[in-house]
Each structure stands twice: as structure tokens, then as C-alpha cells.
Amino acid sequence: MKKEFYRGFSLLLLSLMASCSPEASEETVDYTELNPEARLEAAKEMAQEFIMVDGHVDLPYRMKVGGFTLQREALDVSVRTDGGNFDYPRSKEGGLDAPFMSIYIPAGYQERGGAKDFADSLIKMTERVANTWPDKFAMAYSPDDIQKHHAEGKISLPMGMENGAPLEDDINNVAYFHERGIRYITLTHSKDNLISDSSYDTTRTHGGLSEYGKEVVKEMNRVGIMVDVSHISDQAFWDVMEITETPVIASHSSARKFTPGFERNMDDDMIKALAKNDGVIMINFGGNFIDGNYRERTSKVREHIVNWLAENNLSRSDIAAQAYINQYMMDNDPFPSVTVVADHIDHVVSLVGINHVGLGSDFDGVGDSLPTGLKDVSMYPNLIAELLKRGYSKDDIEKICSGNVFRVWRAVEKFATND
Ligand SMILES: [Zn+2]
């Protein structure tokens, strides 16, 4: 009798607690109805709660240029840095957990040689970030690693290789770079290489993927490296769709609908094919990627300023000139806003649903052109708030932050281990 009473009482308590728990109340929150401050607060909480993966951050190359070598740390990203878009404190603020470190090989290396050595040096430098500040950063080779580091409060550093040039002409290098920790390969960069044609190169050396490139895609499937279709030509993309046995990613591409004629972005048919492949397009934040008129607007602003300086016999460094430039830039802001990035996400969702879109900022790679409200890794919550305003659910946000790319990554891992 007494026991029953206590049981009844504790059940009552439990149900009371459940009705007050965040899980229970979430159902009733309509984020579109919140005021902007409350919505931003909700977005910040989600950014912290969910794992956030960014498909493309160019930190290794920024460090290379900034003189971070194996001997010294000229660029200390464990603290707030003056320049650049990425460092530890700002990542923590923005809720970024796993920026894919871009092991970026400029096309020049495929002509003069040394691509493999250069890739190795950038991989070592990335490892050195993790080794130098082990309480803040950790290398990551799988979604499981990232989940573990997230729980420990560390920023994961997974690696993607931008440009397949380091594979040189030896198929065994695919397995070599998997061994070194590379988890995606962007098949080309700005020029055609041995593997594929590039969207930026009009030569069209192979008319898509080369025969060797087709072998490379199969080998990437076999060893468990994600195929990244950013930067390749349209024909190469369609060739990849024919060959790959696993879902693929576009690590940092946006929707061509907003940038007509810009082959570097994906058109609607390609996005539909990518979804059919169960892949994911990770949206690039750069001005040229999200706004077809961005380049024209910035060049007009630049031209006006150059003319004004000449007319007034001033140089950019003069105090009087700086005041004028700042004011003019404010009045004639050429930058797109964070809402434009949300438009790209909306467009992909309207075409193929919520399961095929993610984030691939290109931070530290497109520096000056970033949208207002999305200038560095501390600002993802502004984008999340904009999506909440448009009616995206909490589940949707989680998929965009990491759920979708993890699904692809796990499918690639599974295919490789079953082989
Ligand atoms: Zn790129």
C-alpha cells in the first residue's frame, strides 16, 4: 500500500519533470514567432548543442603563408587571431566542431612537380596544430572521432585534400593518403589535372574524367575516401555519378541558379542527381558563389574609390582617405548578407528536400568577399537564426550542421570495410 503510494507519487513527479524538460517544451516552440533576440539565442544554443561540421576551411594554406612551420608557430590559432576567419576562440563561440582542413595544392605543383611532398607538408602542419594544443584541437578521421572530441570540448581537425594532383600518376597514392588521414579528395582545383577537367579551365583536356580519374574514383570508394565534386567540370561530375558506388559530397559549392554561367556552382539537374546518389552539397559562403552580381558591385565600388583618390591626390593610407572609404563602403555596401546563404539552402531544400545540404564556408579561402553577418567562424548562429525564421525545425538544423554529411561519410566508411 505504502509502496504503491510512493510509486504513484514518483510517477507524478516524473511526469511533472517531463513536462518541464526542454525536450517536452521544444515541441511547442515556434521559432518563427520569436523576436529576433530570442531566436538568435535559440540559434546559439543549437550551435553549441549540435555537432557542426564545415566542409571546407583553408587554414593549412593560411598557416603556410603565415609562416607556421614545423619549427615555430608564427600563427597561433589557439588564441584569437587578428586576420583570417578561423581560430579556436571564435570556433567555440560559433559552435563549430569540425572544420575540414583543406590540404590545398595549387595547380602550379602539377606542372612543376612536388605536389605529393607539398600535400605531406600541409598534413604535417595540421597534425602539428593538434599536437601543439592537445587540449583544444584533435585530429579526426571519422564521425565517431568527431563525436568523441565534441563531448570533450575539442575542435576536431578532419582533413580533405583539395586537388588530386598529389596522387600523381600512381593509383597506390590513394591508399597512401587515406593512411595519412585524408577523408575526401576534391578531384581538381583551378586547372585540368591527370584525373579530371576543372570547371575553371576551358581546355577540357579529357572531356570529363580521364581513364585514370575513373580508376581513382573506384579506388577512393574501395579505401573509404569521399569523392568531392567541387571544382570539377560538369561533364566530370556526370562521369562521377556514373562510376561512384558511394554517395559523394560537394565540399564547398553553391547553387548555380543564383550565379548563372558560373560552372563552379551546381545547377539544378546536378543537385537532383547528387540527391539521388544520396550525397550532400555543402554551401560555399563566398560572395562570388552566392551572388551573381557581387563581382560587378565590388568592382564599381573599387573603381569609384580609385577615382576619388586620384581626384583628391590622396593615397589609401591617408587618414582623410580612410574616413571617406569607410563611409563610402558603409553607404554602398557591396556585400551580400547572411540571408543570401539561406536562399541557397532554401533552393536546395525546395529541389531535393532537407537531407542533401550542409555547410562548406570556404573560410580562410574567400576572405574579403564573405557576407555581412557571416564574416568568420563565430557567426554561424546568424545563419541558423535566419533558417529558424524561415520555419526550419531543430531536426532540420541538425541535419544541415552535421547529420547529412555524417550520413555520407558513414556510408563511405561502410562500403570500404565491407569490400
Ligand atoms: Zn576551392
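**Zinc site, pockets and cores**

Along the chain, the donors of the zinc ion are spaced E-x68-H-x20-H; donors here are N, O and S atoms within 2.8 Å of the metal (3.2 Å for Na, K and Ca), and with water not among the atoms, sites may look incomplete. Bear in mind that this is a predicted model, where local features need pLDDT of at least 70, side-chain atom pairs count only at pLDDT 80 or more, and totals for chains, interfaces and linings use all residues. Residues are numbered from 1 along each chain as its sequence is written, and side-chain values use heavy atoms, with hydrogens and water left out.

**Zinc site**

- E162 (OE), H231 (NE2) and H252 (NE2) coordinate the zinc ion at 2.0 to 2.2 Å.
- E162 sits in strand β5 (residues 159-162) and H252 in the loop between β8 (249-250) and α12 (268-276), so this pair ties together parts 90 residues apart in sequence. Helices (H or I, at least four residues) and strands (E, at least two) are DSSP runs, numbered from the N terminus.

- The largest pocket holds about 280 Å³ of space. A pocket is an open set of points on a 1 Å grid over the protein atoms alone, where a 1.4 Å probe fits, with protein on both sides within 12 Å along at least five of seven lines; lining residues have an atom within 4 Å of a point.
- Its lining has 15 residues, with Y294, T298, R302, M329 and F335 closest to the centre.
- α14 (294-311) and α15 (319-331) are the elements that give two or more residues to that lining, and α14 gives the most, with 7.
- The second largest pocket has about 210 Å³ of space. Among its 15 lining residues, D58, E162, H189, D362 and G365 are closest to the centre.

**Nonpolar cores**

- The largest nonpolar core has 95 residues, and V240 and L383 have the most contacts inside it. Such a core is a set of buried Ala, Val, Leu, Ile, Met, Phe, Trp, Tyr and Cys residues joined through side-chain atoms within 4.5 Å.
- Helix α7 (residues 115-132) supplies the largest share of this core, 8 residues.
- Leaving aside neighbours within four places in sequence, V240 is in contact (heavy atoms within 4.5 Å) with L187, L209, V217, V227, V229, I232 and V248.
- There's also a second, separate core of 16 residues, including V53, A98, V405 and V408.

Key: Buried means under 20% relative accessible area, exposed over 50%, partly exposed in between (1.4 Å probe, protein chains only). Grid points are joined across faces, edges and corners, and a volume is the space filled by probe spheres set on the points.
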